[in-house]
There are 2 protein chains.
Amino acid sequence: MALRHYTLDFNLSMAADSASTVPGLLSIFHEQEMTETVHDTNGHGYLATFVGKNGRLVILRVHSHGLVTIDLQCYEEDNIAQLDNLLNALEKKLKVLLNGNITRVKRLPALVRGAKVDRYWPTADGRLIEYDIDRVVYEEDSAYQNIKILHSQQFGNILVLNGDVNLAESDLAYTQAIIGSGKENYAGKEVLILGGGDGGILAEVVKQKPKMITMVEIDQKVIDGCKMHMRKTCGNILDNLKGDCYQILVEDCVPVLRKYVREGRTFDYVINDLTAVPISTEPEEDSTWEFLRLILDLSIKVLHPSGKYFTQGNSVNLTEALSLYEEQLGKLSCPVGFSKEVVCVPSYLELWVFYTIWKK
Amino acid sequence: MALRHYTLDFNLSMAADSASTVPGLLSIFHEQEMTETVHDTNGHGYLATFVGKNGRLVILRVHSHGLVTIDLQCYEEDNIAQLDNLLNALEKKLKVLLNGNITRVKRLPALVRGAKVDRYWPTADGRLIEYDIDRVVYEEDSAYQNIKILHSQQFGNILVLNGDVNLAESDLAYTQAIIGSGKENYAGKEVLILGGGDGGILAEVVKQKPKMITMVEIDQKVIDGCKMHMRKTCGNILDNLKGDCYQILVEDCVPVLRKYVREGRTFDYVINDLTAVPISTEPEEDSTWEFLRLILDLSIKVLHPSGKYFTQGNSVNLTEALSLYEEQLGKLSCPVGFSKEVVCVPSYLELWVFYTIWKK
């Protein structure tokens with residue numbers, strides 16, 4: 001049983017004083033036959049709460065400086081049309097009541113709390129975002145992470161790992177960016193993909209007839225979910241762990257990378273598609289940055305001298321995290337150069353930075 | 001003085017009963033020296049409000065079916081770090097207290113209410129979206145509409161007309177889509193732009209050396225604002241109302257279109273970049289649809305038989321509105337064909353439909 005939380009806020013001009021506005025506001029709620037409690041705020045404006053039928057709750061605050069905030073909570077199975085009408089009437093009545101004294105009205109779409117299908121997945125830079133998600137298609141807790149595949153009307157199915165939006169079926173732009181934005185030729189090349197369990201990169205690169213792609217994904221359950229529910233992204237490539245020019249190793253990439261380093265194996269392309277906070281069976285490193293640097297260092301070691309390393313970075317707004325990442329690049333055992341590109345990935349709802357890194 | 005509104009919600013397993021969980025929850029707020037009021041909910045769960053210092057307010061509800069909702073309101077100038085710590089401690093304590101009985105925790109980024117700079121601009125399909133807007137660059141009420149240009153860290157400046165996000169400096173994708181996605185050749189052509197006051201279309205099409213572009217924008221104040229603050233979009237094209245191959249008429253497009261129809265003038269391209277709910281000095285038509293059809297009808301009349309009419313449609317999620325629009329296309333005085341394309345416009349945070357229309 002979800003709760004719908006409406007907010008309706010007003011800014012009053014300086015001319016309006018709360019002593020004269022409060023009675024008018026109150027009469028609106030009294031009409032609703034709600035039980036009123038006026039609270040002592042120790043001089044922080046006027047505060048009243050109203051409890052109505054069916055679990056309805058209203059909080060009315062007239063703050064100093066002319067801000068009026070109204071919260072209305074009701075249950076999902078309440079008469080929503082009636083409540084919308086109530087809010088419309090309220091807004092209208094307030095405008096009449098405070099005629100000329102309202103400088104701004106803000107009424108946000110209702111926040112739905114405790115719903116079975118959660119639509120709120122904040123961006124990496126911490127903004128509140130409501131997605132058009134209407135159902136949970138797949139949900140598993142693997143040994144490594146919580147895996148969800150959620151259906152969005154506009155983006156298709158969205159893979160969400162530990163609460164982070166990873167990739168939607170609409171996000172070919174992500175895959176294209178992380179394989180070099182159409183400027184690379186993979187024909188006949190040796191390619192290593194770290195992570196990439198949604199199969200998007202594998203499906204795209206395979207089309208270019210590389211010599212061999214090795215993909216190392218730790219989580220079989222990600223593969224299982226995406227194979228079933230992200231077919232616009234992966235096509236049928238995940239149906240088999242081996243193909244003419246690819247193999248998928250369901251393993252932690254760290255020991256695999258160490259082995260390749262020992263063997264002196266190199267790749268023309270290394271594509272790091274690991275989650276932002278990487279998961280591994282390795283003993284925990286001192287920090288996420290240490291771990292990121294370990295992966296980077298091993299990856300650069302297996303990179304052919306003329307090869308390229310591609311990876312996603314972060315939200316373009318997280319400038320500090322991006323700088324820290326670029327600092328790590330200066331601390332590798334082999335000197336590297338890098339370039340970056342800002343890309344609009346449809347389902348991310350924020351611009352994203354992608355890196356190309358090469359041996360100097 | 002803005003209000004920060006935090007929400008922290010829990011789902012309890014069926015095993016947890018509220019009689020035993022409430023005292024534990026209460027003790028957390030009692031520690032904060034807040035004044036408690038327990039409300040009678042007529043059998044709709046447990047509800048208590050707590051008023052603290054500095055205008056802090058907490059609402060605690062334990063709903064039936066195991067949903068617990070906590071609201072915390074405080075002022076912007078309160079000690080935010082302290083409140084974040086309080087919420088962290090609360091979340092941690094609740095997890096210990098209800099050990100094993102919590103099936104889900106949801107803590108959303110704080111809603112900021114009544115702030116000087118408003119960051120919440122819902123999508124066309126009505127979803128709650130927080131933008132990374134940090135300042136108001138331009139704000140005017142013209143004779144036609146409220147005009148805002150807001151600065152976003154990632155999207156650059158954003159033009160918002162009557163509360164609708166119109167275009168950001170990041171949105172070349174919009175301009176490219178509405179001029180035919182790179183598949184047209186404007187060289188030597190006669191072009192008519194309806195609206196387009198941000199100058200984006202004009203700036204792009206001019207590059208292709210058309211014979212003549214006539215742009216008809218009703219609102220000088222939109223041009224003034226964009227000329228100053230949307231230069232990544234318009235370059236210097238709005239600095240003059242006339243150039244080698246373009247002219248800008250600051251007029252209502254309806255009488256201009258009627259005049260062109262009377263004169264028998266035709267254009268190779270008509271690009272309708274009017275706002276979703278069009279504004280006009282014309283007597284009000286029966287409905288928005290009537291008005292949209294009037295514009296469409298006049299536009300098709302001035303379209304060369306082999307010409308193309310481009311326009312933005314709507315959010316891809318508003319399937320009903322899109323169908324209604326397509327219905328209008330069947331009601332024009334001249335039969336037309338159409339195609340559509342779904343485009344990701346970075347600042348829209350929803351996928352958008354664009355139409356190409358031609359005479360049959």
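Trainee: Leaving aside neighbours within four places in sequence, with which residues is B:His151 in contact?

Mentor: Keep in mind throughout that this is a predicted model. Apart from residues within four places in sequence, B:His151 is in contact with B:Asp132, B:Ile133, B:Asp134, B:Arg135, B:Val137, B:Gly156 and B:Asn157. With B:Asp134 there is also a polar contact of 2.7 Å, which joins the two side chains.

Trainee: Where is B:His151 found, and does it count as buried or exposed?

Mentor: B:His151 is found in strand β9 of chain B. Its relative accessibility is 16%, and since buried means under 20%, B:His151 counts as buried.

Trainee: In what order do the strands of the open sheet in chain B stand?

Mentor: The general idea is that strands of a sheet pair through backbone hydrogen bonds, either parallel or antiparallel. Here the order is β8-β9-β10-β11 in chain B, an open sheet of 4 strands with antiparallel pairing. At the edges stand β8 (133–141) and β11 (164–168) of chain B, each with a single partner strand, so that one side of each has no neighbour in the sheet. On average, and with direction ignored, neighbouring strands of this sheet are turned by 25° against each other. Helix α5 of chain B, residues 220–229, packs on the sheet and touches β8, β9 and β10 of that chain, and its direction makes about 145° with that of β8(B).

Trainee: How many bridges join β10 of chain B to β11(B), and which residue stands opposite B:Leu159?

Mentor: Strand β10 of chain B, residues 156–161, is joined to β11(B) by 4 bridges, and the two run antiparallel. Opposite B:Leu159 stands B:Leu167 in β11(B).

Trainee: Which strands form the open sheet of 4 strands in chain A?

Mentor: In chain A the order is β7-β8-β9-β10, and the pairing is antiparallel. The edge strands of this sheet are β7 (133–141) and β10 (164–168) of chain A, each of which pairs on one side only. Its neighbouring strands are turned by 25° against each other on average, direction ignored. Within the sheet, β8 (residues 146–152) and β9 (residues 156–161) of chain A pair in the antiparallel sense over 6 bridges, and the bridge partner of A:Ser152 in β9(A) is A:Gly156. Helix α5 of chain A (residues 220–229) packs on the sheet, where it touches β7, β8 and β9 of chain A, and its direction makes about 145° with that of β7(A).

Trainee: Which residue does the UniProt annotation "active site" cover?

Mentor: According to the unreviewed UniProt entry, "active site" covers A:Asp273. In the model, A:Asp273 lies in strand β15 of chain A, residues 267–273, and counts as buried at 9% relative accessibility. Its side chain makes a polar contact of 2.4 Å with the side chain of A:Tyr174. Beyond four places in sequence, the residues in contact with A:Asp273 include A:Ile178, A:Leu194, A:Gly195, A:Gly196, A:Asp198 and A:Ile201.

Trainee: How many residues of β15(A) are buried, and in which sense do β15(A) and β16 of chain A pair?

Mentor: Of the 7 residues of β15(A), 6 are buried, and the strand is mostly covered. With strand β16 (residues 303–315) of chain A the pairing is in the parallel sense, over 5 bridges, and A:Phe267 stands opposite A:Leu303 in β16(A). Strand β11 of chain A, residues 190–195, is likewise joined to β15(A) by 5 bridges and runs parallel to it; the bridge partner of A:Ile193 in β15(A) is A:Ile271.

Trainee: Where is the place of A:Val302, and how far apart are A:Val302 and A:Val38 in space?

Mentor: A:Val302 has its place in the loop between α8 (288–301) and β16 of chain A. With a relative accessible area of 0%, A:Val302 is buried, and its contacts beyond four places in sequence include A:Leu192, A:Leu257, A:Phe267 and A:Val270. From A:Val38 it is 264 residues apart in sequence and 69 Å apart in space, C-alpha to C-alpha.

How values were computed:
Residues numbered from 1 in each chain as written. Chains lettered and ligands numbered in written order. Predicted model: local features only at pLDDT ≥ 70, side-chain atom pairs only at ≥ 80, totals over all residues. Heavy atoms only, no water. UniProt positions renumbered as here; feature names shortened; annotations may be inferred. Buried < 20%, exposed > 50% of the residue type's maximum accessible area, 1.4 Å probe, protein only. Contact = heavy atoms within 4.5 Å. Polar contact = N/O pair within 3.5 Å; in protein donor to acceptor, adjacent residues only side chain to side chain. Pairing = 2+ DSSP bridges. Axes fitted to C-alpha atoms, helices over the stretch in contact; angles between N-to-C directions.
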